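I opened the notebook to look up a few places in this structure. The entries follow in the order I made them.

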Amino acid sequence: MSDISLLMASVLVTAPISALNLPEQPVITSDIPVQESTEENLPQVVSPAEITPPEFVQPDITTSSAINNKYENILKKSREKIQFISSPNLPELKNTQPVTEIAQNQKNIEEFSLSPHPPDSDNPMSQVTSVSQLEDVQPSDWAFDALQSLVERYGCIAGYTDGTYLGNRTISRYEFAAGLNACLEKINEAIANNQVNTTVNNEDLILLQRLQGEFKAELQQLQQRVEAVENQTSELQGNQFSTTTRLFGQAIFSVQGTNSPDVDLFPRDGVPERQGKTNLTFTSSAQLTLATSFTGRDLLLTGLSAGNLGSTASLLSTNMGRLGFESNTDNNLVVSDLSYRFLASDNLGIVVGTAGVNPINTFRGISPLEGSSDGAISLFGQRNPILSIGNGTGGIGFDWQISDRISFQGVYSSEIPSFPGNIKQGGLFGGRFTAGAQLSLAPTNNIDVGIHYLYSHSPDGLLGSGIGDSQLISPFADPTAFDTQAIGATVAWRINPNLQLGGWGGFTSSKPVNLSGSVETTNWMVFAAFPNLLRSGNLGGVLVGQPPKITSSTLPEGLNFPNFSDGGTAGGRTDTSIHVEVFYRAQLSDNIALTPGLFVIFNPDHNSANDALVVGTLRATFRF
């Protein structure tokens, strides 16, 4: 059999033709993704680079094809969430683990070719001069002689960039026709230039002409498809993006209640003075978010929320029974997020806004149990409490992707940035404000670590974390400004797809501006998460920890909080509260989840004279 006679057999076991860059179904690749319709606009161009979009936005605006694989581990932890406006002591927007890697890192499609690439091609295999350059072609292969002849006599064969030929791959008639035509043109060119080192016999030419005629229809259709793809590409490149706004919504209905524990309000003699009582309540909250992109590399978030679930702290004489999905707006509509997020470069995202900008929304979330609507049911179970210090609402932040496993976030946030009056009460640099940073690490594919640092100024001696020992000075003392430095870390370890372990720890040191001494607090938590428990999409969680506790207070005599009812002497809390929580989220559908949960606080308010506090709830979440 002649060399050309083996062309059909050899081509039928090769790959598509990269010279035409056309698989059987046309595929358009570009450095910057383009939109096929207005409705698909945002998902293709808005990547996780925008710092902390809403939790229910993330599945719609992040596409796996637009993310470089080297960031896959960190992206698994990108839980972008929205929470609801709560009491003044709690900032209420959930963060994510955003990645500034954007859509232009889309993986290129490497096609195989029967004809060589142009001289300026970057493909190192564009011109195969010897069959030995193809790593997966062996002399024992049945088509080896044909491939060797086609390479050495006509230069018709090229391989993948990794040096392979993939000879067993099945191709279509279109691919075969294109390969045949490319090889025929190469042979004709060689004949015209007298470059063929061996005479082309009449049998080869007759066979080539017959094959060309047999595949004439396919070649014509192939040319038409190439022209259609070129026209479509030109049109899409000329209209890559148009301003797009998408609406996302979430509603939560919940039933919750507590026991009636005896409370030692003034811990002097260990005798309870009152009984905490709350009613069984049925409440709701709702949130709407408008996500608008103007360039494809930015995102304007406008969030509106309303609800009627308030804190039970005043009724129970402790804030340790607070729920993570509280919404205290008296059903009045409030602006929960008004922030603009954009890419300053391919690996640097910026966020600025008057609402929804704080450490929680800017730092990448580590815990898989975080999320007001689908995570832990308690406020303490949401995240490390030091991240809530300062109760920030508006400011500026950034997220810098340093490498594939290291990122760095920073934020400056003010509690009342819009207040134009007394500098001690509000304004961008007045009142309560916080500056913080987080180093996010992924040392392995299964471990994520966040190292936190925050500096906060408080005008009234309140940390603003909303949980545990947030008050720093005796209630009998005059309000005093404090400066606080906080450090902590959060870690999560994915043992397997159905089990994750982790925890966090935090430490704060607060110094009064006009007094001597300092106040120190600690907190810790360990947890186990059970994704896909009993059914795919479900989530179980078990948490055990210590809410923030004053371990040392060295303020002047009479001003220390731990012993405020007994002279306010220096010292820390003598007892320790322990938080134990279990919950199970049943994902009934893509849009509906039902979460029963229970948590118990032993020695509430770090006082062993207090009865254990039991909080139970049933949370239903609807997304649209």
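Predicted model: local features only at pLDDT ≥ 70, side-chain atom pairs only at ≥ 80, totals over all residues.

Does F624 count as buried or exposed, and why? F624 has 57% relative accessibility, and exposed means over 50%, so F624 counts as exposed. I found F624 in the segment after β19 (613–623).

Next I looked up the surface around this residue. F624 belongs to a nonpolar patch together with L247, L288, L290, L304, L333, V335 and L338. The accessible area of the patch comes to about 720 Å². I noted β4 (281–293) and β7 (334–345), each of which supplies at least two residues of the patch.

The largest nonpolar core has 23 residues, and L323, F325, L369, L543, F583 and F599 touch the most other members. Two or more residues each come from β15 (519–531), β16 (539–553), β18 (592–602) and β19. β15 gives the largest share, three residues.

My last entry concerns S456, in strand β12 (447–458). Is S456 buried or exposed? S456 has a relative accessible area of 4%, and buried means under 20%, so S456 is buried. A polar atom of its side chain lies 3.1 Å from the backbone oxygen of F433. The S456 side chain also makes a polar contact with the side chain of T434, at 3.3 Å. Leaving out residues up to four places away in sequence, I listed I389, G390, F482, D483 and T484 among the residues S456 touches.

Methods
Residues numbered from 1 in each chain as written. Heavy atoms only, no water. Patch = residues over 30% accessible without salt bridge, like charges linked within 9 Å, V, L, I, M, F, W, Y side chains within 5 Å. Areas by Shrake-Rupley, 256 points an atom, 1.4 Å probe, with all protein chains shown as cover. Salt bridge = Lys/Arg side-chain N within 4 Å of Asp/Glu carboxyl O. Helix = DSSP H or I, 4+ residues; strand = E, 2+ residues; numbered from the N terminus. Buried < 20%, exposed > 50% of the residue type's maximum accessible area, 1.4 Å probe, protein only. Core = buried A, V, L, I, M, F, W, Y, C linked by side-chain atoms within 4.5 Å. Polar contact = N/O pair within 3.5 Å; in protein donor to acceptor, adjacent residues only side chain to side chain. Contact = heavy atoms within 4.5 Å.
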